[in-house]
Amino acid sequence: MRFSALAILPCALLLASCASSTRLGDAFDFGSSRRPPPDAGRPVPAPEPLMAAPTEDVTSQPLPPAGSEATPGGTAAAPSSSLAPPGNQVAALPATPRPPSTGGIAGSWKISDAARGSCNISLTRQALLDVYRASPSGCQAGSLARVNAWQQRGQEIDLLEPGGRTAVRLFPTGDGAYEGAATLSGAKIRMTR
């Protein structure tokens with residue numbers, strides 16, 4: 001059997017590379033468990049002792065009764081009248097009216113313009129994108145005659161013209177009616193059931 005020089009050359013290179021890695025030792029040994037840690041032979045010095053922080057003596061005292069204030073001498077003082085409400089009285093907060101629902105606003109309304117008389121308007125719950133359809137009937141005032149939609153903003157009701165411009169702004173009066181003004185003319189408007 002004959003061996004060609006080209007077949008022996010890769011085997012020789014392989015053996016030479018193995019031999020060179022053993023000669024170089026740990027130069028190419030990345031993370032091997034055979035190598036001891038760098039400080040394995042040295043003793044670890046003991047930590048220096050820490051100084052304790054100065055403390056005061058701890059004393060115990062019973063807690064004062066609920067609703068009273070402790071005084072520096074450790075006795076309980078009577079409750080302060082400026083901090084505790086008399087009896088079980090609670091201050092009443094002013095009632096903030098909740099905005100009516102869309103269903104509560106929808107329906108037929110009589111709307112009056114101080115300068116041009118009154119007419120009827122129907123506010124529906126039929127949605128037109130983010131507003132609702134409105135249909136005036138017999139309105140002489142230009143701002144009311146062109147209304148085709150309405151929207152609610154909290155307590156406020158806006159009657160809108162085509163294009164989304166606000167024609168009338170109305171606010172609740174507390175008796176179920178709404179009052180406001182036409183945005184262009186400033187005429188007083190009242191809307192009742």
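Are C119 and C139 buried or exposed? Both are buried. The views below come from a predicted model.

**View 1. The disulfide between C119 and C139.** The sulfur atoms of C119 and C139 lie 1.9 Å apart. That falls within the 2.5 Å cut-off for a disulfide, and the count comes to one disulfide. The bond links distant parts of the chain. C119 sits in strand β4 (residues 117-128). C139 sits in the loop between β5 (131-137) and α3 (142-145). The two cysteines are 20 residues apart. The torsion about the S-S bond of C119 and C139 is about 80°, so the disulfide is right-handed.

**View 2. A closed barrel of eight strands.** The strand order is β3-β4-β5-β6-β7-β8-β9-β10. Pairing in the barrel is antiparallel. On average, neighbouring strands of this sheet are turned by 30° against each other, direction ignored.

**View 3. The pairing of strands β9 and β10.** β9 covers residues 178-182, and β10 covers residues 188-192. The two strands pair in the antiparallel sense over four bridges. Here G180 stands opposite I189 in β10.

**View 4. The largest pocket and its lining.** The volume of the largest pocket is about 160 Å³. Its lining holds 15 residues. D113, A141, G142, S143 and S185 lie nearest the pocket centre. By residue class, the lining divides into six nonpolar, four polar and five charged.

Key
Residues are numbered from 1 along each chain as its sequence is written. This is a predicted model: local features need pLDDT of at least 70, side-chain atom pairs count only at pLDDT 80 or more; totals for chains, interfaces and linings use all residues. Side-chain values use heavy atoms; hydrogens and water are left out. On a 1 Å grid over the protein atoms alone, a cavity is a set of points where a 1.4 Å probe fits but cannot get out, and a pocket is an open set with protein on both sides within 12 Å along at least five of seven lines; lining residues have an atom within 4 Å of a point. Grid points are joined across faces, edges and corners, and a volume is the space filled by probe spheres set on the points. Ala, Val, Leu, Ile, Met, Phe, Trp, Tyr, Cys and Pro count as nonpolar, Asp, Glu, Lys and Arg as charged, and the others, Gly among them, as polar. Two strands pair if DSSP finds at least two bridges between them. Axes are lines fitted to C-alpha atoms, for helices over the stretch in contact, and angles run from 0 to 180 degrees between N-to-C directions. Buried means under 20% relative accessible area, exposed over 50%, partly exposed in between (1.4 Å probe, protein chains only).
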